[in-house]
Amino acid sequence: MPRQQINLEPYRDEIIALFYHGISSDSISRSLEHCHNIHVKERTIQSRLRKWGVRKRHRTTTGDEALHARIRMLFIQDRLTDKAMLDMLQQEGYGISERTLRRLRCKLGLHARASEPEHHQEQEQMQKQIIFPRPRTGGQLV
């Protein structure tokens, strides 16, 4: 005979809020026991969160073609920096971190390049670092 399922629907918002605030499943079950006299195991909390589709991490990188297309447009057409792209994407509702954006951009083959003045400065610095041999005097290097 299967166990009777505990109805956690009345506490759903509270459980989800606690979860998003970083409270562990074990602490959530203790909180429910203390505040509402409901005895649930942490595994029950975890399975309900999965059932409700609640995740801490956003699954934006793997298959979201709309996000990939948006990153391409912001990078190629708008020529935005990573910081500006991140701000724009977050305003548009994408839950993406700076690190994830950089990783995705590189995966899409969108590599950041130095601007012209920076590139010119780098070339000058590299040229200054090249050591030329001193002129020969008497057949020997000085």
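Predicted model: local features only at pLDDT ≥ 70, side-chain atom pairs only at ≥ 80, totals over all residues.
Let's begin with the helices. Two packed helices are described by the angle between their axes and the distance between the axes. Take helix α1, residues 12-20, together with α2: their axes come within 11 Å and cross at roughly 140°. That angle makes α1 oblique to α2, and the crossing is right-handed. Who does the touching? On the α1 side we have Glu14, Ile15, Leu18 and Phe19, and they meet Ile28, Ser31, Leu32 and His36 of α2. Sorted by class, this contact has five nonpolar residues, two polar and one charged.

Now on to the next pair. Helix α2 covers residues 25-36 and helix α3 covers residues 42-51; here the axes come within 8 Å, with a crossing of roughly 105°. Angles from 65 to 115 degrees count as roughly perpendicular, so α2 is roughly perpendicular to α3. From α2, the residues involved are Ser25, Asp26, Ile28, Ser29 and Leu32, and from α3 they are Glu42, Ile45 and Gln46. That contact divides into three nonpolar, three polar and two charged residues.

Finally, the pocket. Rolling a probe the size of a water molecule over the atoms shows where empty space is left. The second largest pocket has a volume of about 220 Å³. Which residues line the second largest pocket? They are Arg3, Gln4, Gln5, Ile6, His39, Val40, Lys41, Thr44 and Arg48. By class, that lining has two nonpolar, four polar and three charged residues.

How values were computed
Residues numbered from 1 in each chain as written. Heavy atoms only, no water. 1 Å grid on protein atoms, 1.4 Å probe; cavity = no way out; pocket = protein on both sides within 12 Å on 5 of 7 lines; lining within 4 Å. Points joined across faces, edges and corners; volume = space filled by probe spheres on them. Nonpolar A, V, L, I, M, F, W, Y, C, P; charged D, E, K, R; others polar. Axes fitted to C-alpha atoms, helices over the stretch in contact; angles between N-to-C directions. Helix = DSSP H or I, 4+ residues; strand = E, 2+ residues; numbered from the N terminus. Parallel < 35°, antiparallel > 145°, perpendicular 65-115°, else oblique. Contact = heavy atoms within 4.5 Å. Left-handed = near helix turned anticlockwise from the far one by under 90°.
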